[in-house]
Each structure stands twice: as C-alpha cells, then as structure tokens.
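Me: I would like to go through this structure with you slowly, asking at each step what a word rests on. Please set each value beside its definition before you conclude.

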Amino acid sequence: MDKAFIARGVRRCSTGKFVLWIAPWAALLVFGLYSAGLCLVKGLNQTNMDNRFVFGLWIFLDLTVIALGAGAFFTGFLLYIIKVKEMKAVINSAVVIGLVCYSGAVAALLVDVGQPLRFWFTFWYPNVHSMLTEVTFCITCYLTVLAIEYLPIVLRNRKLRQVPGFLVFEFELHKLVYVLAGVGTFLSFFHQGSLGGLFGVLRGHPFAFREGLAVWPSTFFLFILSAAAVGPSFILLTTWVASKISRKRLVEAQVLQRLGRISGLLLTAYVLAKTMDTLIWINRTSPGTGFPAWQYYSWKPFGTWILFAEIVVFGLIPALILVAPRLRARTGWLVSAATLACLGIALNRFVQTVQTLALPTLGFDPFLSYAPSWQEVGTFLGVVAFGMLVYSLSFRYLNLFPQERDLQAAAVPAEEPVLAGRY
Amino acid sequence: MKATRRDLFKFAAGGAAGLALTPMPWRLVTDTALWSENWPGIPRPARGEIRTRFTHCALCPAGCPVKARCVGDQPVSLRGLAGRPLCAFGLTGHHLPYHANRVSRGDPEGAAQAVRAALSRRGANESVAVLDLRPGRTASWTYRRAMGALPGGLYLAAQSGLPAIDLRAAKTILSFGVPVLDGWGTPANVLAARAQFRLIEAEAVESHTAMLADEWLPLREGSQDALASGIRHILTAGAAGIPSGEAAERSGLPEATIVAVAQELARGDAVVLAREETDAVTELNRMLGGRAIVRRREAPAPFHWTRTAAPVTRFDAVPDQSIRALLIDESVSDGYFPWDAVERKLAPEATVVVFASSRAGYGAHAGFVLPAAVYPEIADDIPAAIDSTAATFRLAVPLVEAPATVVNPTRFVAELAGVDAGDALRERANAIEQSGRGTVLSYTDSRSTPLRDIKADAFWKILHEGGCWEDEARDQSPGEPRASAPAVVAMTWEMRMARGPLSPLVTKLYQESNLRVRT
Amino acid sequence: MKAKQYGMTIDIDRCTGCGACMVACAVENNVPPVPEGANDRKGITWIRVFPINNGAEWPGRQSAFVPVLCQQCGEHTPCVSVCPQQAVQVDPATGIVGQMPERCLGCRYCMAACPYHARYFNWWDPSWPAGMEKALNPDVAPRMRGVVEKCNFCHGRWHAAKQRAAARGQQEIDPADYVPACVEACPTGAIEFGDLNDSQSTVARTAGEDHSFRLLEKLGTDPKIHYRSKRDWVRRVAAAPGKEEAHG
Amino acid sequence: MFPWNYGFEWTAASAIFLGAFYTVIAIVAATVVRALVQARGMMAGGEAERIRWLSEFHDLPQQARVCRHALTGEVSGEACSHGFDCGNCEKHAEFVGAQPAAAPQNIEEEIFGMAFPLDRLYHRGHTWVRPEGDGSVTVGLDELGRRLVGVPDGVDLPKPGTRLRTNGIGWQIQKRGAAVRVLAPVDGEVVDSGGAERGGFLRVKPFAGTFDFRHLLTAAELRPWMLREMERLQLALADARAPALADGGVPVEDIPASDPATDWDAVWGEMFLEG
C-alpha cells in the first residue's frame, strides 16, 4: 500500500512484514521514552549513578555511538574532499547512521543532565576552557549539518520528488554538499577530540589524565584517530547487516573491502599511537602524579587483561586482518574484523568512563562498582530502538544504496535474451 | 481563494520565523531557568530579627549550655559555649519538635480515669508506680511526693544515689563497653581530663571509644565478669576470682594481656566503669579503692518535699506482677529497661501510661501513650552528670512552644495524687538560694558570682536567661562502690539511634557517611 | 586590601569522629535530610568524616578519622576548568572555590574531575519534615534538584561577617568574626581556620609544621586544607594515592 | 556567547573559540541560503523539468543509460553522461561527422513483429517524432510503448499552449491505478493533441525557428536499440516475476492484458525511464 513511496526498481518486503519488523522496536522506543520520562520528571534519583559514579551507562553510550557515528563525517570526507568514488555507494547510509548516532547521543545527554531546562546555559555562558563546552558546541552544530545532509536524501523519496521545488532544491544543495562535508569534518575532528579530552584533562584522575599538545591531552588525538578508524568499519558492518536482513546485495564487494582497508590502515596507526601513549603514561605521566600505574590494575576485575584486550585483541588483530588483502577479500574475515574493531572502540570508551570512575583516588577510598538501574537501561534501549526505526524507515523509503538497483538487475537470472550475443 | 496545504505550510513556517523574532521565546527560556531555581516545594527560609537565647541541652545529663540563634522566636541553629561544645545530637536539638515519629495526640482524661480505676482495684500488696528514666531532677521530686501521697505509691528509678566519677582523680580507666569518649558524662570534662588518664576499653566490637582508647581489649561478648574476676584473681594473688588462665579462656584475650592490664590497674588511682554494673565489677572497684569514685551531695530541695517524698525504690527490687498501674515518664531518658524486664513487674491487666514524644519507645506496649513535650520545648532542670562531683542546678528553658496537645507528666501525676507541684522549679530554686551555697555562672556576661550575693529573683532571672548554679566544691568523701545495679541500658549512641528522638539530619552520620556503620 | 587565602589545618590526632562537624555543616547550610533510598553514595555531606585504619588486626590495629571537605584547590583547580558554563569560580579575594547552584546544569563533570569526591549532587528535590523548614538558616538558600553543591567555607557566614565589618566601617573581616560551622562545632578544636597568607595566623603556622601534609599533594592542585598527624601510619594511609598495597 | 553575557571575557581563547563557532554557523547558513536562492532561480527559469530528468537519469540503472553509439557497437558499452542530450556531446558530433546517417532504404522496419515507420525519429522514452510539412511535428508512442500500455484507462494530454521540455513530462497515461509518464521527445509548444485510445499523440510547434533532433534515434540505430530494449523488457518482466514473452519474445498487442498479475508499474517505470 506504501508502494508509491518506495523507489522504483528496488524490491522491498510487504507493508505487513515491515510493520511486523518495526513493531518491537517501536515498543522498545515507547519503553525508553517512559524510562527517560521518569528520569526527567522525578529526577536522576531514578538512576543508579551516585556522587562517585557520576557518569554511567549513558555517557558510555554517548561516547561509543559518537565514535561509531564518525563514519558519517569520515565517509563524507573521503568522498567529497579526497574523492574516493567507491564511497558514493555508502554515503547516504553513512549520513543516516551519523544522524541516528548523534541525535541519539544528544537525546541521552539531555536526560543525563540534572537541569535539562538549562541546556542553553552552556551556549549562553560558555566556559571556553572546558572540553565539555567544545563537545556541546561541536555536536549541536554537527547534528545540524547532518540534518541538512539528510534532507536531500529525504527529498529524493519517490513521493516527495514529485514536488518540483524539492527536487530542484535537492539538486542545488547536492552541488554544495562538499562544503557541508568539509564543515562536518572540521566539527567532527574537534568534538571527537574533545570527547577524548573530556577525560584526558582530569588531573584528579591520574588513570585518565594524559599530557599532550597545548591545551589538548593525547587522548584528544587518540579519540580522533580511533573514531576515524572505526567509522568505516561500522559503516561496513551496518551495510553488511542491512543486506543480510533485507537479503539483498546493496553494494559491490570492493566497496566494503575499500572501507575495510581504510579502516585497517587507520586502526594500525591508532594501535601504534595508543601503545606509545600507554607507555609514556605508565612510565612518566602516572608516576608523576604519585600513582604507580600497576595499582590501577590491582583492582579486580579490571586487571591488566583489559589493557591487553583493548590494544591487542580488539586493536591489533582486526587491524592486521583488515590490512591483509587476502583476508579482507573473505567476507567472513572482513566482517568479523570490523566487528572486533567496533567492540574495541566500545571497550576503550568503557575504560575511559567507567573504569576511571571506579578506581579510588584517596588512600581510604573504596573501589566502587556500579550497575545501571532499569530506567537507565530503558533509556539506553530507547536510543537503540530509535536508531533502528530511523534506519529501517530510511532504508525502506529512501535510496540509501545507489548501487542496489543495478546489482539487483544484474542479479536477475536473465534467461536467454533474444538474439543473445549479437553484440 | 481557498487555502491549500501549501499555504498551511507557508503560514506555519512564517509564523515560526516571526515568533523567533519576538522577545517571547527568549523570555520563555529565561523564565524556565528562573522556575528551575525555585520550583514548588523548595522552601524559602524565613527572615527576621536575629536574637540569641540561652538554655541547657536536656538530651542527656551533661546538660550542656546552649546558645541558640533565633529568627524571631524560632531557633535556627544551636551552638555551645567556649569550651563547652555541643555534640551531634545537641547541635540538631532544635529539629526535634518536627521529628517524623512524634506522638501527636493522646487521651489524658481516659488515662487518668484508667489509673484511678486501677487504684480502686488495687490488691493488698499491689502498687501504683512511676518509673522515672531520669532521676534526680525536680520532676523526680514531684513524682516522689505524688507517690508518697498515694496509697501504695512507688517511685521507681534505675539507680539511686549513684556515686560520681571524678575523672581528674583517675590515672587508669578500665571501661567495659562504656562509651567514655563517645557521649558519656560531660564530654567537655572528659576531653579536659583525657590527657591525664589512660583508657583501656574492653569491648567486643571496635566502637568509637575503642578506636580512640589507649588500649582496646576485644573480649568475647558477655565475658566481662570473667575478665573482671580474672584481674581480681591476679591482684589478690589468687585469693579471689577465677584464675587468669580461665579468664583468658573465656574472654578470648591472651593471658599476658590480662596480667598486663591487672598490673596497670594495680598502680593505683584506677577505676572500672561498666555499661552493666555487676558484682564482679563492683568487687574489683572496691578492691582498687580508687579516689575517682566519690559521693556527690545532692542539690538542696524544700524541706516539705523531703518530708513527704516516697523513697527511691530500685526497679529490680519490686516484686514481680505487683504493679497495678505504671506511669512511665519517657519524655527524657538517660537509660531504659528492656520491655520484658518491665512486663515482669506488672500485675495482670495492669494499666500502663507512657509519657513520650517519640513513638519508638515503650509506647508500643502501653495502654495509654500521652504526647509529652520534647527538648527544646520542655521546661525542666537537668540532674548532674555522672562525672560532675558537685551538684548543679540548671534549667532547660523552652525555646519553642510545645503543641497544645502535649501533656505535662509531672502535672498529670501531681493532679492524680492531689499534690500541688505548680511551681516546683521555682520552689527548688528558692531552696537552693536559701542554702546560700555555691556560685552562679551567668552565660550572658560569663560572670560567676557567689550565690549568697544574689537575691532570689535575680537568681531565678539568671537561671532563665542562661546561667547555672554549681555547688561549692568540698573535699570529696570516697563514694561507696555500689553492689549490683539493675540491668539498665545506659544511653549510648546506638540507643539514641534506636529510640530517638532524633533529628533527621543525624542521618548524615550513619546513612550518608560510613562514620557510624560497623564494617 | 590584601587578598586572602582562607584555609584549614585539621589535626587528625584530635579528631574523635563524633561527626559534630558534619551535622553542624548541614544545619548551617540548609542541607536537607536524607530522602528515602539514599545511601552514603547519594547523600550530601559537604564535610565527611572517613574512619581509617592501618589495615592490621588486633592487637596491632590502629584507627583514626579523617574529615574530608572541599580542599579549595589553588592551582589548576580541577572543577573550575571543566565546568562548561562558569558555574564554578575561584574568588580571588578569598581563594574560596565557589559553586553557583543557579548556574549549574547538573552535568556532574566537576564531580568526576574532583579527586577528593568533595562535590555532591542533589539527586532529589530538598525536602524537610513538616514544620522543620521553619528552622532553616535564613542566610543560605536551599538548592534545587539536579545541581551540584559543595563546601564553600560557609559563604553565608563570610557574607554576614563582611556586612558587620562594613557596619563597623572596616574593610577587613575580624578573623574571630568569620569561622565556618564545622570549625566552630568541633569539640576537640581539631580544625583550625584562617588566612594562609597571614603569617600571624594559626593556620599559616600549623600548616608549615612537621607531620603536616595535604591529600594527593603530588597532583599539584595545591589544596588549602592541611592535615596533621604524629602517627606515621595515618600520614601513610591518608596521604597515599589509591592504595599502596596490592589488592586481590 | 555574546560580549554582554555574564562572565564573558575578551581572551584569546574565547575569541578563537567563538570565532570558529560563528564561522561554522555562517558557512552552514550561507550554504543552505545559497541552495535555496539557486533553487528559486531554477524554478523561475523553468528549469524544473530538466533537473527532474537529470536526477531521474542519475537514478536509472546502468543498462538503461547506455550511450546510443554503444548500442550500435561504435564504442564499447558505456553509460551516457549527458542525460541523452546528444546536442552538447562532442563524442556524438565526432561519430556523426564520421558517418552521417544514411537515408533509409525502405519506409518501415519490422522488429519482433512490430512496425517502426522510418518517416520519423525515435526517442529513448519510446516516443516518435514525425516532422510535418509546416515545420511542426507530431509526437506519439512508438509500437513497443503502445503495446506496453495496451488499452489505456485514460490519458492526460497537455492542453494546447503547454510548453514541453525535452525529457520533461510529455503526457501521462492512466493504467491500473498507475500514472505512466511519457517523456517529451522535443522542446516545443503543444498546438493540438488527441488519439487517446492509441496512447495519445501531440502536435508540437517549435518555440522558435526549428527543432533540434540531434538527440533522437535514427533508422540505423533503431534495431540495436530495440534489441537492448527487449532485453531490458525481459529483465524487467523477470524482475516483476512475469512469464517470459510468448514465442521467442514477440510482444503481443496488449502486453499487460496477457498477464495481469505482474507488477506493471515497475515494468513501465523501467521501460519509460522513470527514476
């Protein structure tokens, strides 16, 4: 019944089937909204955060999804700034992913603050020395940019495009999209960085504190690098998952491989940088503040294994797989490496937020643990559900994968065309 | 012309744009910010003229002087005087009238009738009794007089004529679970004397006193007598008590430690304090014969009181099932008897009337619970603390007006017995004034004057505006270490937590910090 | 008028852990009682007394109490630089780190930044038992839900003292006239308060004494709260970063 | 954020930070505004149709966009990059220069049992253009197009005076609830229209002077083109899960009638070059 909205030449499941698919996500979203509502109305006492564990699941979520959403800016950068043509096949999808991640993160942040009504204070009375100010400004700006980048994709919808004005505007906006891509890259660069700086500047938490360049601690640059490295991996992953779920070929194989290769190279660079940074931190920064680094890892369960996992298991290994052409060529390896990389970033953000807060600073501090309340988990799931919904709807009604139509035509078993081989 | 959907969109867009240019949205956000600062439910503290008033803290016999900062008549914070600091409880005294589980209403008439009825039904060897949880105050005299006037009336108290402890005369203190450094006696005195005595705290758990004591003996629960008589055995070279080996066995302490403690006590000027005074402890004290245990002369009382007052009956001396009607004054308490101990003394279907401010006490078991005033509403005097060697007379002057519903226990009992106690405090004050003994310290000008230089009215005035009378110090006659006392639980921190009344702010100590949690 | 550096010296050997300071502080600053469901990790205790021990068992066991409040850091004050909207500022005239609740967004970044955990978040709206709001201190406004607060050396008292001085036509506050509630309440006088810049003041003297130390000094935040103890193990445990013996 | 806000200081940090912020805002705003302005201009200039075609062309599958010279094998199969506007394609000029279209021998070509009169030129959107004596042209559906639609439920023909744009919407055919749009093969003004039952035809006169026919297919290209079209039709039908064409792919008179179950909307979209 919604055929009029679905692009010509691509096949989509029946409306009923689609409804069945989104219904559970919608339900989850409602639950999430309820949980978030509780936190907004009754206050943050609904969460299990406390005066020591001031950040919890939500900040972890924010850092992670924003890192994964980096695919949006980075793909745009590759396509429009350094003209990597393959990226054309995934740019739309990347934009949607980015939009989903960033809007989700911002929503979670609004619930996370104690006085959401005062969100505009940060813009009104900004303390330009605070990493959080930088994050807030950049993320809001970039979210706007993403929205503007998303607009043309929406306007190309089969129904909307019938309004001549939309099509023309889309056409004109698309001509200028490289400007937006440039701005997006600039903004992402800074807020990905400042998200890292967020914890890197915490002089009070030697576990997180890092020295660096000028006002930026080393984590600033590590976050940029890691986000750029994992962004493509996540695009790769989502594209693969989308094509598995929709049982369609969405992009040509070499596109995914190209993504994997880029991801791999950056990941390698990141692992090297991270290793160096860790060594400097263990041998200079941390002892300098009076904290021998080994003591952080004396608190179970956060033993040195977590460091190993972060750098080797979820860093070096996927990096090597992705840079090796032979392995990369096999979808299984490609996808699992991308998955590892994404998990690695999540683990890194987890260490940055949760482990930092769990570790004691004072001699008589206890080591704390924290488990989110159902309201926190609910809000978290709500954000995920929101993402799934937006992506599913976009996938159904918008043209996320330009190659899909051709690949589909090619896939059709064309039986003996008339006078075949005439040309 | 007809409006199309397009026009609608245009209108909406235009409207939004236009609205953004008006001050309205900006005004709105500013207002939300203001609203977020004082949305409903956030009280605005009352402002007004700041006054200073004096009283004494009636929460424990330390009776610390209190300097109250008031807005108008409402105290907003309490502090001690120089060198006489308040404890965590005293500092929050002005919250007590508002504590959550306060008794708000009761049935005085019904209670009175019930007691009268009980009196009429009283069997030959049955009694009607008042249990006073803070003996030695003027109210106690009133109770004694009332009980003296009533047929079969008994005045019950935990202990009578307890000896005082002169900390200045103690070199070594062996304490069996007494919170010596945690609210015992008069904290100011204890702190002043702290440097001079060595404290050995024998207690199963590491209480605050145990933490701060010079030595902590983590003896087994309930092995106090074993340790005491073990020590006695050593001191008497085996003449009395149980062998130290056995004492070690039972208390779980190394024998060497016990011997060391004994030797330390033997050096003289040692005193043993116990939360539960038992024969073993008393014997040990008698044997040590330290100068620290002294007899304190009580503050003078009007002659006709002493003539008509009922004697002080020790609670445990009352035969079981013999009390027909029991009136318990719980409005102030320095200790309490476990309910089963009380119940044992009651005759079947006995009438029990409790005067209490907090529901957390005996009220649960009593037939009648009458709301009583709570500090700082009460007008009462405060008996001398266990560590003050001279008698004192100081008043808890009401800082806050008590609710209309509260019943004055003394007046209730007095009326019951037809005794006139309308102005007991004043009478007592006059009696003291006539004795001409001791000195008066006025807090307002911190001058202390011999009592004999002061007129009765002036004395009364000083007592009310912040001041206290202290008996003249005289050479102490050694106090008689008393034989076993009834099982009264001394007012400790834990007990205050359990029975209240308690300011909700004290939660800072045991719930919002791990300061008072045993880990 | 010479800038002041208000600070404290806390003698751990004299602290009896009675908690009078905590209660006095709460009374003075209109900190609400704990709501249902709060614990020692959600409560608001501008000054908090921690029991510590030397980790040994009896008879070697030793215990002490360490009151911890905002350390009023003077150098790279961790909470100031991180606040996204200038709700935290150091008053150059007094050296006191001030928190503006009505400016606070409740992002709690400053709390994450504070190594002393001396900052507290209002997880609930403040509420008092019926009638008790009459007993609130008129000089301090209660804070709303969702904002961060912390010790400010009883700013209300500083303000009052300032006014009294002005009334007397003086610039300077009479040192005896301005004392935070915890200092006033401490029964053993374990807490000294005064101007660290004034070499005559007790704090300036005692802060310099041997056996005096500061918490996590090596972080370089230059706290204005100095601690003292003659017991080595106390200094070791209290001054040590994290735990110095390994954990299983 | 503004100098008059509380706590604002003119420090290097704030200058840099806010400077960067405002620059970003400005750039983003400028971009959007520019796009809007341009779009307005385009709309006013009646460019909407051209742009629609361009963006639809961009969405067409590879094998629908094959260059006409690739069809004839003059170049190896590559997609057109000019939206079938051979007028400004230098490659096309070269090829035509190399061998000008020879005049047709016979008057009609029969391909797969369909008659294609050679007195006219053909457009990739399955329309033909027949020059009339008076300088105007007649425009109509070609045979395959006609058979694809069969008997239309209705035809919306433009009123006389309507200005057509090449590759813009010529007219629309209603069939089975779907609106099949037929691309206009030439620029020009409609003077007359009719023939609804045969899918409709238009009489068009040029805006000024003469028509530009350079983008239209000539006789020589007809057969290769139709072969490719038949392939595409096969694919489209297979794609729409329709049975292959009867007897070696000779299209019947009314193709939709032969198999109502098929998703004809998709097939039409494919064959009439809808993006």
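Reply: Let us begin with contact, a term which holds for two residues if their C-beta atoms, placed from the backbone, lie within 7 Å. By that rule, 50 residues of chain C are in contact with 41 residues of chain A. Please keep in mind that this is a predicted model, in which local features need pLDDT of at least 70 and side-chain atom pairs count only at pLDDT 80 or more, while totals for chains, interfaces and linings use all residues. Residues are numbered from 1 along each chain as its sequence is written, and chains are lettered from A and ligands numbered from 1 in the order in which they are written.

Me: Which elements give two or more residues to the side of chain C that touches chain A?

Reply: Helices (H or I, at least four residues) and strands (E, at least two) are DSSP runs, numbered from the N terminus. On the side of chain C that touches chain A, those giving two or more residues are β2 (48-53), α2 (78-82), α3 (109-113), β6 (119-121) and α7 (232-239) of chain C, and the largest share, four residues, comes from α3(C).

Me: How do the residues of the side of chain C that touches chain A divide into nonpolar, polar and charged?

Reply: Ala, Val, Leu, Ile, Met, Phe, Trp, Tyr, Cys and Pro count as nonpolar, Asp, Glu, Lys and Arg as charged, and the others, Gly among them, as polar. Sorted in this way, that side of chain C has 31 nonpolar, eleven polar and eight charged residues.

Me: How many residues of chain A are in contact with chain D, and which helix gives the most?

Reply: There, 38 residues of chain A are in contact with 43 residues of chain D. On the chain A side, α7(A) gives the most, with eight residues, and the division is 28 nonpolar, four polar and six charged.

Me: What makes α4(A) roughly antiparallel to α14(A)?

Reply: Axes are lines fitted to C-alpha atoms, for helices over the stretch in contact, and angles run from 0 to 180 degrees between N-to-C directions. Helix α4 (residues 91-112) and helix α14 (residues 374-397) of chain A pack at an angle of about 155 degrees, with their axes 9 Å apart. Since angles under 35 degrees count as roughly parallel, over 145 as roughly antiparallel, 65 to 115 as roughly perpendicular and the rest as oblique, α4(A) is therefore roughly antiparallel to α14(A). Their contact includes V96(A) and G104(A) of α4(A) and F386(A) and G387(A) of α14(A), and its residues divide into nine nonpolar, four polar and no charged.

Me: How do you know that α8(B) and α9(B) are roughly antiparallel to each other?

Reply: Helix α8 (residues 224-235) and helix α9 (residues 244-251) of chain B pack at an angle of about 160 degrees, with their axes 8 Å apart, and α8(B) and α9(B) are therefore roughly antiparallel. The residues of their contact divide into four nonpolar, five polar and one charged.

Me: Why do β17 and β20 of chain B stand at the edges?

Reply: Two strands pair if DSSP finds at least two bridges between them. The open sheet of five strands has the order β17-β18-β21-β19-β20 (chain B), with antiparallel pairing. β17 (380-381) and β20 (447-450) of chain B each have a single partner strand, so one side of each is left without a neighbour in the sheet.

Me: How many bridges join β19 to β21 of chain B?

Reply: Four bridges join strand β19 (residues 439-442) to strand β21 (residues 467-470) of chain B, and these strands run antiparallel. S442(B) stands opposite G467(B) in β21(B).
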